[in-house]
Amino acid sequence: MSSNSNLSTMKRTVEQLKLEASVDRIKVSQAAADLQQYCLQNASKDALLVGVPAASNPFREPRSCALL
Amino acid sequence: MACQGLAKGETTNTLKAESESLKAKLEEERAKLHDVELHQVAEKIDALGQFVMKTRRTLKGHGNKVLCMDWCRDKRRIVSSSQDGKVIVWDAYTTNKEHAVTMPCTWVMACAYAPSGCAVACGGLDNKCSVYPLSLDKNENLAAKKKSVAMHTNYLSSCSFTNSDMQILTSSGDGTCALWDVESGQLLQSFHGHSADVLSLDLAPSETGNTFVSGGCDKKANVWDMRSGQNVQSFETHESDINNVKYYPSGDAFATGSDDATCRLYDLRADREVAIYSKDSIIFGASSVDFSLSGRLLFAGYNDYTINVWDVLKGTRVAILFGHENRVSTVRVSPDGTAFCSGSWDNTLRIWA
């Protein structure tokens, strides 16, 4: 019985690998360019990256100035 | 599963040989497209300036190690869970505790805020994921309305609501991930493929997206189709357990943090690892990772009590943040990217900005 389950596990592994091998891929240069473009396009909105004036960041403003 | 009919001549040996040759073919196909490194493409862009990031709030109240936290979509509330069995909802602006629940188990390793902000999910050594609706009445006993949703056969390591309050995705020490209907507790889909504990999962950041990534003790990161349960892509380059996985904001890539002391970036369309974030001086495991809003920064919490901030494109470290007095177990950037929160085995959470 165990040899049968080993076989079916192996069959599943082979099917899985066939699926993974058939994935459409693009070049790393293309992928990298797209990642970079996304970063640069959104950089201005990224408060942790560019910083925002202390007054508009609720965590940076002094605690005594509570927003009502 | 009944034994499938074997094609003529198939034996364990032929299948094994086929499996080896497919693995080699997969590596070959991936290598063909490896024409450049990410940091080389990024050489032309400006380096980042000096970072000033400080602890702006310290949330004290847990009696033991903080294991997990999540932000509410309102960008100010936070839920955190601890080894002491407590789950606390905080207002991060004021540091006030709004709700507290005592779980029937210790080591509550997973917690998540519902998209509506009206409920939280949590679980751990109880092998379950339970949902607690949050009441406006602070005197109400939240435990009375608890709903058990997920049942695994080993500890719950991570949980996340999908785009609504109606479904939850879980990962477990039993090696599987699962999708559940919150109302009925019904199992909608299960995901098999990891050969050891699954430690983390993250949903793809898209309204229509139907994929998620998981990482585990088998050193693999797997990408899954939520509808079919199929494992569509798999990555195995880490040298030890993957503790945390997080999607890049565009959904085209994801980062991992591992016990091998490195964080790595995998691009889904190139189908390969495209960056490693490591230094000889970093020898402790990375427990948790998250991206800043634009994806340019990667915040990673480590077992050496520090948080390292990495330039995702150039592969360099831009800051080290000190402050926690024990392992950093969880790091999450707020929904609008104005701050990030870290939780630690020193029993506290810190908000950094």
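Reader: Is B:Glu29 buried, partly exposed or exposed, and why?
Author: B:Glu29 counts as partly exposed because its relative accessibility is 22%. Buried means under 20% relative accessible area, exposed means over 50%, and partly exposed lies in between, with a 1.4 Å probe and protein chains only. Before we go on: this is a predicted model, where local features need pLDDT of at least 70, side-chain atom pairs count only at pLDDT 80 or more, and totals for chains, interfaces and linings use all residues. Residues are numbered from 1 along each chain as its sequence is written, chains are lettered from A and ligands numbered from 1 in the order in which they are written, and side-chain values use heavy atoms, with hydrogens and water left out.

Reader: Thanks! Which helix is B:Glu29 found in?
Author: Helix 1 of chain B, residues 12-32, holds B:Glu29. Helices (H or I, at least four residues) and strands (E, at least two) are DSSP runs, numbered from the N terminus. The C-alpha atom of B:Glu29 is separated by 9.6 Å from that of B:Asp271, 242 residues apart along the chain.

Reader: How many helices and strands are there in chain B?
Author: Chain B has two helices and 28 strands. Of its 353 residues, 57% count as buried.

Reader: And what radius of gyration does chain B have?
Author: Chain B has 21 Å, which agrees with a compact globule, because one with 353 residues would be near 20 Å. That radius is taken over C-alpha atoms, and the globule rule is 2.2 Å times the number of residues to the power 0.38. The C-alpha trace spans about 70 × 55 × 35 Å along its principal axes.

Reader: Switching to sheets: what is the strand order in the open sheet of four strands?
Author: The order is 2-3-4-5 in chain B, with antiparallel pairing. Strand 2 (66-71) and strand 5 (96-102) of chain B are the edge strands, each pairing on one side only. Two strands pair if DSSP finds at least two bridges between them.

Reader: How many bridges link strand 4 and strand 5 of chain B?
Author: Six bridges, in the antiparallel sense, with strand 4 covering residues 86-91. B:Trp90 has B:Lys97 as its bridge partner, and B:Ile88 stands opposite B:Ala100. The hairpin has four residues between the strands, and B:Thr95 there takes a positive phi near 70 degrees.

Reader: What about strand 12 and strand 13 of chain B, how many bridges join them?
Author: Four bridges join strand 12 (residues 177-181) to strand 13 (residues 187-191), and the two run antiparallel. B:Cys177 stands opposite B:Phe191. This hairpin has five residues between the strands, and B:Gly185 takes a positive phi near 75 degrees.

Reader: Nice. Now the largest nonpolar core: which residues touch the most other members?
Author: Of its 30 residues, B:Leu38, B:Cys263, B:Leu265, B:Tyr277 and B:Leu298 do. Such a core is a set of buried Ala, Val, Leu, Ile, Met, Phe, Trp, Tyr and Cys residues joined through side-chain atoms within 4.5 Å. Among the elements giving two or more residues are helix 2 (28-42) of chain A and strand 20 (263-267) of chain B. Helix 2 of chain A gives the most, with five residues.

Reader: What does B:Tyr277 touch?
Author: Not counting residues up to four places away in sequence, B:Tyr277 touches B:Leu38, B:Cys263, B:Leu298 and B:Trp310, among others. Contact means heavy atoms within 4.5 Å.
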